[in-house]
Amino acid sequence: ALRMYKEARRIYRKTVGPESVAMGKVMCNTALVLKKQGKLEEATEMYEEALGIRRRALGDENTGLAETLYSLARCKEDAGDAGGAVVCLREARSIYEKRGVTLGTAEAVVAALARLEGRL
C-alpha cells in the first residue's frame, strides 16, 4: 500500500499540483499506512505536511482540516506526545464547534480531548 501511495503522490504532484486538496488527502492516507506500520515519526511528519497543504487549500475552519488534526493527534498520542495531541485536538474541537458539527469525528475529538486532558 505504501508503494502505491508514493506513486499516487508522484502522479498527483504532476496532475493536480502539490498544494491540492487531493494531494493532502493522499498524504493523509500515506501517513495512516506509516502509522499502522509503527513508523510513528514518519507518519507524524507526513500528517504535518498534509495538514499544511490542507490548511492552505481549505482554510482554517474547514472540517477536513479538523479530521487531519484528529489523525495527527492520534499519531502524536501513540508516539507518546500527549501534549502535542491535545494541541491538535483543541484546534479540531474549535473548528467543529464553529461549524456546528457535533457528530462523527467531532465526538471522537471531544472524547479523546477529555481523556488526554485528564492525564496532563
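Colleague: What is the hand of the crossing of α3 and α4?
Modeller: Left-handed. A crossing has that name if the near helix is turned anticlockwise from the far one by less than a right angle, and is right-handed if clockwise. This is a predicted model, where local features need pLDDT of at least 70, side-chain atom pairs count only at pLDDT 80 or more, and totals for chains, interfaces and linings use all residues. Residues are numbered from 1 along each chain as its sequence is written, and side-chain values use heavy atoms, with hydrogens and water left out.

Colleague: Why are α3 and α4 called roughly antiparallel?
Modeller: They pack at about 165°, with axes 9 Å apart. Axes are lines fitted to C-alpha atoms, for helices over the stretch in contact, and angles run from 0 to 180 degrees between N-to-C directions. Under 35 degrees is roughly parallel, over 145 roughly antiparallel, 65 to 115 roughly perpendicular, and the rest oblique. The angle of about 165° is over 145, so α3 and α4 are roughly antiparallel.

Colleague: Which residues meet in this contact?
Modeller: From α3 they include Ala43, Thr44, Tyr47, Glu48 and Leu51. From α4 they include Leu65, Leu69, Leu72, Cys75 and Lys76. Contact means heavy atoms within 4.5 Å. The contact residues divide into nine nonpolar, four polar and five charged.

Colleague: What makes threonine 44 buried?
Modeller: Threonine 44 sits in helix α3. Its relative accessibility is 12%. Buried means under 20% relative accessible area, exposed over 50%, and partly exposed in between (1.4 Å probe, protein chains only). The 12% of threonine 44 is under 20%, so this residue counts as buried. Leaving aside neighbours within four places in sequence, threonine 44 contacts Leu72, Cys75 and Lys76.

Colleague: Why does lysine 76 count as buried?
Modeller: Its relative accessibility is 13%. Lysine 76 lies in helix α4. Beyond four places in sequence, lysine 76 touches Thr44, Glu48, Asp81, Gly84, Ala85 and Cys88.

Colleague: How do you know that alanine 106 is buried?
Modeller: Alanine 106 has a relative accessible area of 4%, which passes the same test. This residue belongs to helix α6. Its contacts, not counting residues up to four places away in sequence, are Tyr96 and Val101. Alanine 66 is 40 residues away along the chain, yet the two C-alpha atoms are separated by 8.4 Å.

Colleague: What makes α1 roughly antiparallel to α2?
Modeller: Helix α1 covers residues 2-15 and helix α2 residues 21-36. Their axes come within 10 Å and cross at roughly 165°. That makes α1 roughly antiparallel to α2. The crossing is left-handed. Among the residues that meet are Tyr5, Ala8 and Tyr12 in α1, and Val26, Met27 and Val33 in α2. This contact divides into 10 nonpolar, two polar and two charged residues.

Colleague: How many residues are in the largest nonpolar core?
Modeller: The count is 34. A nonpolar core is a set of buried Ala, Val, Leu, Ile, Met, Phe, Trp, Tyr and Cys residues joined through side-chain atoms within 4.5 Å. Those with the most contacts inside the core are Met27, Tyr47, Leu69, Leu89, Val109 and Leu116. Helices α2, α3, α4, α5 and α6 each supply at least two core residues. The largest share, eight residues, comes from α5.

Colleague: What does leucine 69 contact?
Modeller: Setting aside neighbours within four places in sequence, leucine 69 contacts Leu51, Arg55, Cys88, Glu91, Ala92 and Ile95.

Technical notes. Helix = DSSP H or I, 4+ residues; strand = E, 2+ residues; numbered from the N terminus. Nonpolar A, V, L, I, M, F, W, Y, C, P; charged D, E, K, R; others polar.
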